[in-house]
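User: Can you take me through this one? I'd like the overall build, then the charges, then the surface.

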Amino acid sequence: MTQSAAIEKGLENGKDNAAAAIKDRAAKTVEKTVEAAQDTYEQVAFQAELATEQASEELRKVAETGTKFVRENPGTAIVGAVGVGILVGLALRGRD
């Protein structure tokens, strides 16, 4: 083998090694990105679950308070409901 042929073969091997190294780095980068995305998804899912639980608890408290108010003040609750009904009726009537 001549000296120039040996040099060319060495350059080709170097290209193959560089391409393999680039491929490995790209694969590792993609793997890290996927792991980071999974971690982020898990964190967001956990936060959403907490927010849902808190909202559910607040709605339960509001419903409980409303029920207690109506039981203690039935007359006021009826007058309030009639008043709200009249206001809603006037608002809807004005649109037609």
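Analyst: What follows goes through the fold, the salt bridges and the surface patches in turn. Keep in mind that this is a predicted model.

User: Fine. What does the secondary structure come to?

Analyst: Two helices and zero strands. Helix H1 covers residues 3–72, and helix H2 covers residues 74–95.

User: How much of the protein counts as buried?

Analyst: 1% of its 96 residues.

User: On to charges. How many salt bridges are there?

Analyst: The count comes to two salt bridges. Glu57 pairs with Arg60, with the closest N and O atoms 2.5 Å apart. Glu64 also forms a salt bridge with Arg60, and there the closest N and O atoms are 2.9 Å apart.

User: Why are Glu57 and Arg60 separated by about one helical turn?

Analyst: Because they are three residues apart in helix H1. Glu64 and Arg60 both lie in helix H1 as well, four residues apart, which is also about one turn of the helix. In general, side chains of opposite charge can pair when their charged atoms come close.

User: Is Glu64 buried or exposed?

Analyst: Glu64 is exposed, because its relative accessible area is 52% and the cut-off for exposed is over 50%.

User: And what about Arg60, how does it count?

Analyst: Arg60 counts as partly exposed, at 42% relative accessibility. Glu57 is in the partly exposed class too, at 32%.

User: Switching to the surface. Which residues form the negative patch?

Analyst: Glu31, Glu35, Asp39 and Glu42. Glu31 is placed in helix H1.

User: Which residues make the nonpolar patch?

Analyst: Ile78, Val82, Ile86, Leu87 and Leu90 make a nonpolar surface patch of about 510 Å². Val82, one of these residues, lies in helix H2.

User: Why does Val82 count as partly exposed?

Analyst: Because its relative accessibility is 47%, and partly exposed is the class between under 20% for buried and over 50% for exposed.

User: Give me a recap I can paste into my notes.

Analyst: The model is predicted and has two helices and zero strands.

How values were computed: Residues numbered from 1 in each chain as written. Predicted model: local features only at pLDDT ≥ 70, side-chain atom pairs only at ≥ 80, totals over all residues. Heavy atoms only, no water. Patch = residues over 30% accessible without salt bridge, like charges linked within 9 Å, V, L, I, M, F, W, Y side chains within 5 Å. Areas by Shrake-Rupley, 256 points an atom, 1.4 Å probe, with all protein chains shown as cover. Salt bridge = Lys/Arg side-chain N within 4 Å of Asp/Glu carboxyl O. Buried < 20%, exposed > 50% of the residue type's maximum accessible area, 1.4 Å probe, protein only. Lys, Arg positive; Asp, Glu negative; His and termini not counted. Charge placed at Lys NZ, Arg CZ, Asp CG, Glu CD.
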